[in-house]
Amino acid sequence: MDKKIKTAVIFGTRPEAIKMAPLVLELKRCSEFEPVVIVTAQHRQMLDQVLDLFNITPDFDLNLMKPNQNLWGLTSDILLETKKIFEEIKPDIVLMHGDTTTAFASALSAFYARVPVGHVEAGLRTFNKDYPFPEEINRVLADAVSDLHFAPTEGSVQNLLNSGIKEGVSNGGPDSIYEDGRRIYKTGNTVIDALLYTVEKNVDLSYLRLSSDLKTVLLTSHRRENFGRPLENICDAILDIVRENEDIEVVYPVHLNPNVRNTVFKKLDKVDRIKLIEPLDYAPFCALMKHAHIILTDSGGVQEEAPSLGVPVLVLRDETERPEAVESGCVKLVGTDREKIKSTVNKLLSDEEFYNSMKMAVNPYGDGLASKRIANIIKTKFNK
């Protein structure tokens with residue numbers, strides 16, 4: 001029997017796990033692969049929820065999450081621990097995802113080990129190294145050391161080409177990776193694979209006691225750059241919106257970070273028609289997105305997912321590395337300006353034509369087949 005492609009798949013946070021889980025399942029389905037799942041557990045509790053949903057058991061669990069964890073310690077821990085694993089299992093290729101510290105540090109570790117690196121969701125850019133922090137630099141550096149780039153959109157492909165990544169030029173990996181000289185592939189985003197897998201499940205949301213007479217506005221905000229005054233502005237805008245619209249309720253799964261919780265509970269706790277709830281597992285969160293009338297978020301993943309469900313998304317950020325959704329019309333940037341948030345939500349609630357123009361816009365992020373495309377590309381590279 002031909003030697004299987006030993007494929008190390010590494011992730012550490014809930015968003016990474018969501019987006020890599022369908023790829024892990026696809027690799028397990030294909031006889032040509034021997035997948036090895038490595039988790040850093042950069043986020044412990046939220047990561048485990050996704051592993052359970054997709055029935056994935058890691059082969060290596062580094063369990064690196066610590067109280068008051070900082071970027072210096074986390075980066076060095078990932079480098080040292082993945083070094084040991086790569087030396088033990090000798091993978092043919094390492095696949096990592098996106099822009100987390102896990103993604104960058106594991107890509108760098110594989111590069112040091114002279115193992116080819118495949119970057120899933122490559123090429124996203126804001127072109128501002130401080131926004132988001134540290135994600136923008138993480139993804140730029142991860143792209144720089146990667147051998148294969150699986151870009152979700154044409155815009156991401158162009159970002160990679162513009163950054164100097166040359167098609168047809170080897171980056172020092174095995175010849176088999178570069179047989180056709182190609183390094184960049186447009187695949188769509190694996191998050192759509194995960195979303196379509198998950199929304200098929202029948203999830204009971206009755207415990208949230210959502211009102212059948214009210215429109216649900218779903219709110220999520222947790223990014224570092226929104227800590228402090230920006231998050232206070234978001235909360236103040238929500239208070240305004242609830243006071244001015246008696247036919248809505250706001251549901252906010254509040255992130256566990258105390259920088260988020262302290263502000264949010266001080267501003268919004270015990271306010272009529274605002275539900276502050278604990279973070280949701282991925283399946284009920286998908287069901288809640290599907291139920292929502294409007295979504296306000298600073299999450300990257302939600303910007304990609306919600307348009308597939310026909311729900312308008314307002315992004316609580318001034319810049320986004322996902323401009324395709326803005327260009328298509330299904331997402332709008334409102335930042336953290338109190339008046340802009342309020343006026344845009346009020347327009348969506350009162351202007352049916354405006355609402356439908358966002359609801360009916362086409363999601364540019366894919367068709368649910370990204371994982372299959374990535375697996376097929378790797379098989380071709382290894383002549384399988």
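Author: Start with H149. Its side chain reaches the backbone oxygen of D143 at 3.0 Å. That is a polar contact: a pair of N or O atoms within 3.5 Å, where within protein one must be able to donate a hydrogen and the other to accept it, and residues adjacent in sequence count only if both atoms are side-chain atoms.

A word on the source. This is a predicted model, in which local features need pLDDT of at least 70 and side-chain atom pairs count only at pLDDT 80 or more, while totals for chains, interfaces and linings use all residues. Residues are numbered from 1 along each chain as its sequence is written, and side-chain values use heavy atoms, with hydrogens and water left out.

H149 belongs to strand 6 (residues 148-151). Strands (E, at least two residues) and helices (H or I, at least four) are DSSP runs, numbered from the N terminus. H149 counts as buried because its relative accessibility is 0%. Buried means under 20% relative accessible area, exposed over 50%, and partly exposed in between, with a 1.4 Å probe and protein chains only.

Who surrounds H149? Leaving out residues up to four places away in sequence, H149 touches H119, A122, D143, L160, I165, R183, I184 and Y185. Contact here means heavy atoms within 4.5 Å.

Seven strands form an open sheet, in the order 3-2-1-4-5-6-7, with parallel pairing. Strand 3 (60-61) and strand 7 (184-186) stand at the edges; each has a single partner strand, so one side of each is left without a neighbour in the sheet. Two strands pair if DSSP finds at least two bridges between them. Strand 6 and strand 7 run parallel and are joined by three bridges. F150 stands opposite Y185 of strand 7.

Helix 4 (residues 101-112) touches strand 1, strand 4 and strand 5, and its direction makes about 165° with that of strand 4. Helix 1 (residues 14-29) lies across strand 1 (5-11), strand 2 (33-39), strand 4 (93-97) and strand 5 (117-120). Helix 1 runs at about 165° to strand 1. For these angles, axes are lines fitted to C-alpha atoms, for helices over the stretch in contact, and values run from 0 to 180 degrees between N-to-C directions.

Next, the loop between strand 5 and helix 5 (135-145), where P132 is found. The peptide bond from Y131 to P132 is cis, with omega near 0°. P134 has its place in the loop between strand 5 and helix 5 as well. A cis peptide bond joins F133 and P134, with omega about 0°.

E121 lies in the loop between strand 5 and helix 5 too. Its phi is near 70°, a positive value in a residue other than glycine. Most residues other than glycine have a negative phi, and most peptide bonds are trans. E121 is buried, with a relative accessible area of 6%.

N55 is found in the loop between helix 2 (44-53) and strand 3. N55 is not a glycine, yet has a positive phi of about 55°. At 68% relative accessibility, N55 counts as exposed.
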